[in-house]
Amino acid sequence: MLADKRILLIIGGGIAAFKALDLIRRLRERGANVTPVLTKAGGEFVTPLSVSALAGEKIYQDLFDLTAEAEMGHIELSRAADLIVVAPATADLLAKMAAGLANDLASTLLLATDKRVLAAPSMNVRMWDHPATQRNLAQLTADGVLFVGPGEGDMACGEYGPGRLAEPLDIVVAIDAALADGPLKDKHVLVTSGPTHEPIDPVRYIANRSSGAQGTAIARALAALGADVTFVTGPADVPPPMGVSAVKVQTAAQMLDAVMAAPQADAAIFAAAVADWHVANAGDNKIKKGGNGLPTLAFAENPDILATVAQMEAGRPDLVIGFAAETDDVIANATAKRKRKGCDWIVANDVSPSTGIMGGSENDVTLIMEDGSEDWPRMSKDAVAARLAAKLAEVLS
Ligand code: CTP
């Protein structure tokens with residue numbers, strides 16, 4: 001979807017400017033052309049040479065650069081793009097945009113453009129919370145500027161809170177959404193992800209090694225195609241992607257409740273590694289050592305969320321996709337699992353420790369359908385997600 005799109009990327013002067021390099025790489029991987037503009041302050045954090053080398057294009061820095069003016073005027077520069085992206089958008093840049101100042105190349109381009117502008121703010125949490133910044137954001141939102149982030153978390157300045165630049169992949173999703181109505185526009189897709197935690201007592205639980213990386217990547221890829229995504233996640237290692245409705249749960253029972261409470265879905269993907277059992281005799285108080293010898297845990301089976309949805313009499317999504325985490329006889333087990341659970345497709349993967357898949361960044365899957373299977377080469381979990389989302393879009397649209 002980003003192929004041959006022209007992105008004018010304005011890099012402001014913030015500690016997160018280095019992430020703009022990764023953003024350029026990710027955009028180019030997807031076939032976009034990136035024309036970089038570096039503010040004076042941005043140049044204090046990343047070098048023009050590295051930006052220009054990654055973008056594979058000339059970098060623009062000065063309003064009064066006569067060579068650039070002879071080749072391409074600043075008005076043309078601001079209009080030739082399909083979208084203007086400001087990342088990181090500092091408090092200063094946002095203030096200039098809100099006030100309509102045009103005293104350097106970046107602010108002049110932003111004032112002269114007739115294209116949509118997407119800003120990814122990044123600043124210290126107090127600067128973000130300041131009434132002046134909040135006023136500017138309200139003004140820019142009213143002016144039609146789009147925003148992605150900021151995220152919340154530890155900041156380079158040692159404080160905690162909102163102000164972190166959105167992750168490059170989340171910015172890519174926002175760019176995709178800003179540029180086009182994707183093939184999944186108006187479609188609602190439900191995704192489950194991550195492990196579940198089943199309590200033993202108030203302080204202990206049973207869990208599994210799922211990181212939530214594959215489910216998160218799938219939700220992000222679906223959102224990038226324009227889907228409305230409900231993302232029900234257990235306690236994962238990775239944060240939910242932006243642009244989805246995230247519902248955080250702990251246990252399998254809570255995950256089932258959240259899935260059943262979600263709006264009617266056109267498709268559902270069950271990527272969660274749901275615990276098969278919960279502790280039936282979980283204590284309300286912390287189990288103490290000594291006294292009555294070693295504790296004995298009694299297990300009870302958890303509800304099968306995928307099977308429940310796949311076998312629904314009413315309101316079953318048109319396409320129900322499960323995952324099969326296997327360690328032996330992968331294809332035979334997964335094929336049987338697809339039939340047993342009643343889902344349309346099952347994504348089989350070998351989670352034996354030697355594959356490094358569980359908790360790793362790559363996946364090696366076979367997609368099993370009613371009328372055949374596809375063996376995909378080993379690739380990143382992001383690539384698996386993109387391919388699965390594209391295949392789902394073919395069926396639904
Ligand atoms: N699943 C689910 N609810 C459960 C167990 C599994 O929704 N209680 C879903 C998973 O999200 C996945 C699929 O079912 O999409 C298969 O999960 P997997 O762990 O491979 O299979 P199990 O059902 O646990 O079967 P087994 O333990 O026999 O391999």
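Modeller: One term before we start: contact here means heavy atoms within 4.5 Å. Also, this is a predicted model.
Biologist: Good. With that in mind, what is L110 in contact with, leaving aside its neighbours within four places in sequence?
Modeller: On that count, L110 touches I10, I84, V86, L93, M97 and V117.
Biologist: And where is the place of L110?
Modeller: You'll find L110 in helix 6, which covers residues 105–112.
Biologist: Is L110 buried or exposed?
Modeller: Buried: the relative accessible area of L110 is 13%, and buried means under 20%.
Biologist: Switching topic, how is the protein divided into domains?
Modeller: There's domain 1, residues 6–179, and domain 2, residues 188–396. Their C-alpha centres lie 36 Å apart. The contact takes ten residues from domain 1 and six residues from domain 2.
Biologist: How much area do domain 1 and domain 2 bury between them?
Modeller: About 640 Å², and 65% of that is on carbon and sulfur atoms. On the domain 1 side, L169, D170 and V173 lose the most area to domain 2, together 65% of what that side buries.
Biologist: How many salt bridges does the rule find across the interface of domain 1 and domain 2?
Modeller: One salt bridge is found across that interface. Helix 9, residues 168–179, gives the most to the side of domain 1 that touches domain 2, with four residues.
Biologist: Now the hydrophobic side. How many residues are in the largest nonpolar core?
Modeller: The largest nonpolar core has 36 residues, and L184, I218, L222, V229, I269, L388 and L392 have the most contacts inside it. Several elements supply at least two residues each, including helix 10 (213–224), strand 11 (228–233) and helix 14 (381–396).
Biologist: Let's zoom in on L222. What is L222 in contact with, apart from neighbours within four places in sequence?
Modeller: L222 contacts L184, V189, V191, A227, V229, I269, A389 and L392. Apart from this core lies another, of 32 residues, with I7, A17, L118 and L179 among them.
Biologist: Great, thanks!

Conventions. Residues numbered from 1 in each chain as written. Predicted model: local features only at pLDDT ≥ 70, side-chain atom pairs only at ≥ 80, totals over all residues. Heavy atoms only, no water. Core = buried A, V, L, I, M, F, W, Y, C linked by side-chain atoms within 4.5 Å. Buried < 20%, exposed > 50% of the residue type's maximum accessible area, 1.4 Å probe, protein only. Domains from an automatic or database assignment. Buried area = accessible area lost by both parts, 1.4 Å probe. Salt bridge = Lys/Arg side-chain N within 4 Å of Asp/Glu carboxyl O.
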